[in-house]
Amino acid sequence: MRTTTGWRATGPETVARTQLTRRELRPDDIAVRVDFCGVCHSDVHALRTHDEHAGAPLVPGHEFTGVVTGTGAEVTAFSVGDGVAVGNIVDSCGTCAMCVAGQENYCRSFPTLTYGGTDRVDGSTTLGAYSREYVVREGFAYALPAGLDPAAAAPLLCAGVTVWEPLRALRVGPDNRVAVAGLGGLGHLAVKMAVALGATTTVISRGDGKRDDALRLGAHSFVDSTDEQRMAEVRDTFDVVIDTVSAPHDLAPYLRTVATDGTLSLVGYLGQVTIEATDLLMGRKKLSSSGSGGRPGTAEMLRFCADNGIVADVEVLPSAQVNTALDRLRRNDVRYRFVLDMSDLG
Ligand code: NAP
Ligand code: ZN
């Protein structure tokens with residue numbers, strides 16, 4: 001086993017520095033020195049719901065960039081020294097209809113998650129990238145396009161691809177009116193991507209505090225979701241609403257903003273939802289959801305971002321300040337993604 005240093009859960013809200021092990025390289029594995037790892041709201045949810053007595057430790061982190069430091073005997077796509085990016089899926093069966101279709105994110109025997117997943121070879125629990133090294137199958141690592149800042153690119157691999165997937169599946173383009181609900185890590189990347197795809201883009205956010213940022217990010221208009229009159233004005237107007245809200249919430253106000261035959265794409269909080277069927281009925285509206293993206297979609301998203309100069313707006317902190325980042329993320333005090341600089345782990 002290889003040893004490295006990282007940050008493991010010590011309770012529902014905190015992590016502490018720890019030693020951890022990585023597997024020896026299998027023939028199709030690469031070892032990655034993790035340089036930058038984004039802090040996703042999913043990490044907050046995972047810490048809160050983690051059972052400390054479950055056995056395996058929880059090491060969060062599933063959107064990272066770094067440099068290849070070792071290659072297995074059969075690796076062809078990467079060499080030592082290459083810049084790479086890895087997201088929230090690190091393996092899948094490779095043979096089911098979903099995998100064959102390039103939607104490994106929906107693998108019928110469940111994709112292996114970057115942390116808290118079950119390794120398909122040895123059955124161990126995967127440990128995430130709040131650490132200095134990660135070992136991954138080469139097929140689930142992506143060449144980091146030249147020209148993308150490695151710290152600001154890290155969030156593309158979870159936040160970015162998660163919103164790219166519905167934008168592409170719903171064929172968003174210049175003829176569409178798109179709204180993004182919740183201006184956080186996912187939301188601000190959804191705005192940049194929707195604008196770059198040519199859509200007329202609106203941000204729906206609580207209060208007025210993020211209005212200037214929304215317009216700076218390229219949005220064409222801004223709606224305060226707490227302003228009933230403004231919400232009434234945008235009733236039935238958006239072809240696509242990307243809902244990135246991180247907490248349980250009533251979908252009805254957002255569904256009302258969807259245009260006839262339009263879609264509310266729920267990619268934020270993924271717990272149980274209750275809807276009134278009439279909120280769909282009135283305008284033949286659709287409710288959809290998705291998680292992450294497959295390998296072709298992820299590669300396409302990275303190319304699109306490189307071509308359009310899209311990266312996250314990040315606040316980079318030394319990894320030793322990870323608890324500060326988690327705390328501020330819980331309090332919605334982030335514009336718009338924390339990224340941990342892992343170089344302080346040696
Ligand atoms: P984030 O940076 O914290 O942003 C979430 C945003 O939601 C906040 O900025 C806030 O926007 C809004 N919000 C928070 N609480 C709200 C409430 N009670 N009512 C209305 N709006 C509220 O989080 P993130 O990292 O973007 O993640 C967002 C969600 O996506 C999380 O639940 C995460 O687990 C999930 N996620 C899903 C996938 C997937 O594969 N589907 C992947 C990654 C993350 P305003 O301040 O603008 O109101
Ligand atoms: Zn994530």
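User: Helices (H or I, at least four residues) and strands (E, at least two) are DSSP runs, numbered from the N terminus. Which element gives the most to the shell around ligand 1?

Analyst: This is a predicted model, where local features need pLDDT of at least 70, side-chain atom pairs count only at pLDDT 80 or more, and totals for chains, interfaces and linings use all residues. Residues are numbered from 1 along each chain as its sequence is written, chains are lettered from A and ligands numbered from 1 in the order in which they are written, and side-chain values use heavy atoms, with hydrogens and water left out. With three residues, the top giver to the shell is H1.

User: Which residues come nearest to ligand 1?

Analyst: A residue is near a molecule or strand if one of its heavy atoms lies within 4 Å of it. Around ligand 1 there are 28 residues. The nearest are His41, Ser205, Arg206, Lys210 and Arg337.

User: What distance separates a polar side-chain atom of Asn332 from an oxygen atom of ligand 1?

Analyst: A polar contact is a pair of N or O atoms within 3.5 Å; within protein, one must be able to donate a hydrogen and the other to accept it, and residues adjacent in sequence count only if both atoms are side-chain atoms. The side chain of His41 has an N or O atom 2.7 Å from a ligand 1 oxygen. Ser246 uses a backbone N or O atom, at 3.5 Å from an oxygen of ligand 1. For Asn332 the distance is 3.0 Å.

User: What percentage of the accessible area of ligand 1 does the protein cover?

Analyst: Accessible areas come from the Shrake-Rupley method with a 1.4 Å probe; for residues, only the protein chains shown count as cover. On its own, ligand 1 has 920 Å² of accessible area.

User: Which elements give two or more residues to the shell around ligand 1?

Analyst: One is made of residues 185-196 and is called helix H5. The other gives three residues. The pair is helix H5 and H1.

User: Which residues are the protein donors of the zinc ion (ligand 2)?

Analyst: Donors are N, O and S atoms within 2.8 Å of the metal (3.2 Å for Na, K and Ca); water is not among the atoms, so sites may look incomplete. Here the donors lie 1.9 to 2.2 Å from the zinc ion. They are Cys40 (SG), His62 (NE2) and Cys158 (SG).

User: How many residues apart are His62 and Cys158?

Analyst: The donor residues are spaced C-x21-H-x95-C in sequence. His62 sits in the loop between helix H1 (41-49) and strand S4 (64-71), and Cys158 in the loop between helix H3 (150-153) and helix H4 (159-169). This pair links distant parts of the chain, and its residue separation is 96.

User: Is Cys158 buried or exposed?

Analyst: Buried means under 20% relative accessible area, exposed over 50%, partly exposed in between (1.4 Å probe, protein chains only). His62, at 8%, counts as buried. Cys158 has 4% relative accessibility, so Cys158 is buried.

User: Where is Asp213, and which side chain does it contact?

Analyst: Asp213 belongs to helix H6 (residues 211-216). With a relative accessible area of 14%, Asp213 is buried. Its side chain makes a polar contact at 2.8 Å with that of Arg335.

User: With which residue does Arg2 form a salt bridge?

Analyst: A salt bridge is a side-chain nitrogen of Lys or Arg within 4 Å of a carboxyl oxygen of Asp or Glu. The structure holds 26 of them. In the one made by Arg2, the closest N and O atoms are 2.9 Å apart, and the partner is Glu133.

User: How many residues apart in sequence are the parts that Arg2 and Glu133 tie together?

Analyst: Arg2 is partly exposed at 22%, whereas Glu133 is buried at 12%. Arg2 lies in strand S1 (residues 2-9) and Glu133 in strand S8 (residues 133-137), so the sequence separation is 131.

User: What is the distance between Val32 and Glu133, C-alpha to C-alpha?

Analyst: Val32 lies in strand S3 (residues 29-39). Val32 is buried, at 1% relative accessibility. Val32 and Glu133 are 101 residues apart in sequence, but in space the distance is 5.6 Å.

User: Which residue meets Arg132 in a salt bridge?

Analyst: Arg132 counts as buried, at 15% relative accessibility. Its partner also forms a salt bridge with Arg33, at 2.8 Å. The bridge of Arg132 spans 3.1 Å, N to O, and its partner is Asp35.
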